[in-house]
Amino acid sequence: MSMRTVVIASRTGLHARPAALFVKAASEQGVPVRIRVGEGKAVPAASMLAVLSLGAGHGTEVTLEADGPGADDALDALAALLARDLDAEETSDA
Amino acid sequence: MPELLDRRAVRLDAAATGRDDAIRQCGEALVVAGAVEPSYVDTMLERERSVSTYVGEGVAIPHGTLNGKDSVRHDAVSFVRFPDGVAWGDERVVLCIGIAARGDGHVRLLSELAQILLDPDRARALRETDDIDEVVRLLQPAGEEEPA
């Protein structure tokens, strides 16, 4: 199994826009990706409710997991996304 | 400290003309419960235009933008059910849970709510019950102990 550990960069945490972008990207990968906080239960990264249930705030370290062909590419793409401050890319009037 | 879900913020049989109307009703329920200033409702609409708060399973969780934080008096949720459904982009929403949180409270609040909605028994009860007190009980977050 491939794994990546990454710290949530978005300043309001993994919810709303950052979570929507992440869940969408996860669902577009060719392999199922799971996400967990610490040694907690890994949940489907393509499920908004599951991702919200993690309660991952700014600075929370999360681990992404996937198996099979393409797993490493998928995890690299998703880890890079979480390492960006996706809130900062929100429209300035929001 | 006020309850997270005030009975006054629960509507079991609402109808809405569309997404924005549904969000307004969710926001007004928070206003009625004394959790937010009326201006918070506009930031909920603003948030929804920036990103959908649809979370799957016919549920949306509208909440304000960062700018709306100042109009939040205390952390709270509202619960508005639309038995006939509301068109929400390409989705259909039957349950709207409005959220208001100060500071970083939203991450924990969303997490608690998501865990409740992921539990099939509690999720079904929230969709089906006719008892407002049961809704209040079901949305009572676990482990609401005094902060250390």
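Which strands and helix of chain A do the buried residues of H3(A) pack against? The views below, taken from a predicted model, begin with this helix.

**View 1. Helix H3 of chain A and its surroundings.** The buried residues of H3(A) pack against strand E1 (2-7), helix H1 (16-27), strand E2 (33-37) and strand E4 (61-66) of chain A. In H3(A), the residues that are buried are Ala71(A), Ala74(A), Leu75(A), Leu78(A) and Leu82(A). Because they cover an arc of only 95° around the axis, they lie on the same side of H3(A).

**View 2. The length of helix H3 of chain A.** Helix H3 (residues 71-82) of chain A has twelve residues, and at 1.5 Å a residue these should span 16 Å. The C-alpha atoms at the ends of the helix are 17 Å apart, which agrees with that expectation.

**View 3. The contact between chain A and chain B.** Chain A gives 18 residues to this contact, while chain B gives 19 residues. On the side of chain B that touches chain A, helix H2 (39-50), strand E2 (54-56) and helix H3 (105-118) of chain B each supply at least two residues, and the largest share, nine residues, comes from H3(B). Sorted by class, this side of chain B has eight nonpolar, seven polar and four charged residues.

**View 4. Leu30(B) in the largest nonpolar core.** The largest nonpolar core holds 73 residues, and those that touch the most other members are Val51(A), Leu30(B) and Val93(B). When neighbours within four places in sequence are left aside, Leu30(B) is in contact with Ala9(B), Ala35(B), Val36(B), Tyr40(B), Ala76(B), Ser78(B), Gly98(B) and Ala100(B).

Methods. Residues are numbered from 1 along each chain as its sequence is written. Chains are lettered from A and ligands numbered from 1 in the order in which they are written. This is a predicted model: local features need pLDDT of at least 70, side-chain atom pairs count only at pLDDT 80 or more; totals for chains, interfaces and linings use all residues. Helices (H or I, at least four residues) and strands (E, at least two) are DSSP runs, numbered from the N terminus. The expected span of a helix is 1.5 Å times one less than its number of residues. A residue is buried if 20 or more other C-beta atoms lie within 10 Å of its own, exposed if 12 or fewer, and partly exposed in between; C-beta atoms are placed from the backbone. The arc is that of the directions from the helix axis to the C-beta atoms. Two residues are in contact if their C-beta atoms, placed from the backbone, lie within 7 Å. Ala, Val, Leu, Ile, Met, Phe, Trp, Tyr, Cys and Pro count as nonpolar, Asp, Glu, Lys and Arg as charged, and the others, Gly among them, as polar. A nonpolar core is a set of buried Ala, Val, Leu, Ile, Met, Phe, Trp, Tyr and Cys residues joined through C-beta atoms within 7 Å.
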